[in-house]
Amino acid sequence: MEFEKLQEIIADVLNVETDDITMETTFVDDLGADSLDIFQIIMGIEETFDIEIDNEDAEKIMTVGDAVEQIKNATNN
C-alpha cells in the first residue's frame with residue numbers, strides 16, 4: 001500500500017510513469033530528481049501519510065525502497 005501511494009506521489013512530482021518506479025529505483029540517478037524534487041516528494045509523503053520525516057532521515061533516502069522504509073517506520077510509531 002505504501003509503495004503504490006509513493007509511486008503516485010513520485011510520478012506526479014517528476015512527471016514519470018508509475019511503471020518506471022520500483023523499490024530499487026534511485027531518485028537522483030534513475031529518475032533525475034534534484035533537491036527541490038526530493039523536497040516536494042518528501043512533503044507529499046508527509047501530507048499523504050500524515051507523518052513527519054526529519055531532515056536527518058530525509059537525507060538517507062536514496063531509493064524508493066528507502067522512502068518506503070521511512071514511511072513504515074514513521075507509521076508504526
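The UniProt record, an unreviewed entry, places the feature "domain: Carrier" at residues 1-75; such positions are given in the numbering used here, with feature names shortened, and annotations may be inferred rather than shown by experiment. The model is predicted, and local features need pLDDT of at least 70, side-chain atom pairs count only at pLDDT 80 or more, while totals for chains, interfaces and linings use all residues. Residues are numbered from 1 along each chain as its sequence is written, and side-chain values use heavy atoms, with hydrogens and water left out.

Over residues 1-75 the chain is 59% helix and 0% strand, and the end C-alpha atoms lie 12 Å apart. Helices (H or I, at least four residues) and strands (E, at least two) are DSSP runs numbered from the N terminus.

In α1, the buried residues (under 20% relative accessible area, with exposed over 50% and partly exposed in between, using a 1.4 Å probe and protein chains only) are Glu2, Phe3, Leu6, Gln7, Ile9, Ile10, Ala11 and Leu14. Their cover includes α2 (35-49) and α4 (64-76). After α1 comes Asn15, whose phi is positive, near 55°. In α4, Val64, Gly65, Ala67, Val68, Gln70 and Ile71 are buried, and what covers them includes α1, α2 and α3.

Thr63 sits in the loop between α3 (55-58) and α4, and it counts as buried because its relative accessibility is 17%. Leaving aside neighbours within four places in sequence, Thr63 is in contact (heavy atoms within 4.5 Å) with Met23, Glu24, Thr25, Thr26 and Phe27.

The largest pocket holds about 320 Å³ of space and is lined by 16 residues, of which Ile38, Phe39, Ile42, Ala58 and Glu59 lie nearest its centre. The elements giving two or more residues to this lining are α2 and α3, and α2 gives the most, with six residues. On a 1 Å grid over the protein atoms alone, a pocket is an open set of points where a 1.4 Å probe fits, with protein on both sides within 12 Å along at least five of seven lines, and lining residues have an atom within 4 Å of a point. By class, the lining has ten nonpolar, three polar and three charged residues, where Ala, Val, Leu, Ile, Met, Phe, Trp, Tyr, Cys and Pro count as nonpolar, Asp, Glu, Lys and Arg as charged, and the others, Gly among them, as polar.

Technical notes:
Points joined across faces, edges and corners; volume = space filled by probe spheres on them.
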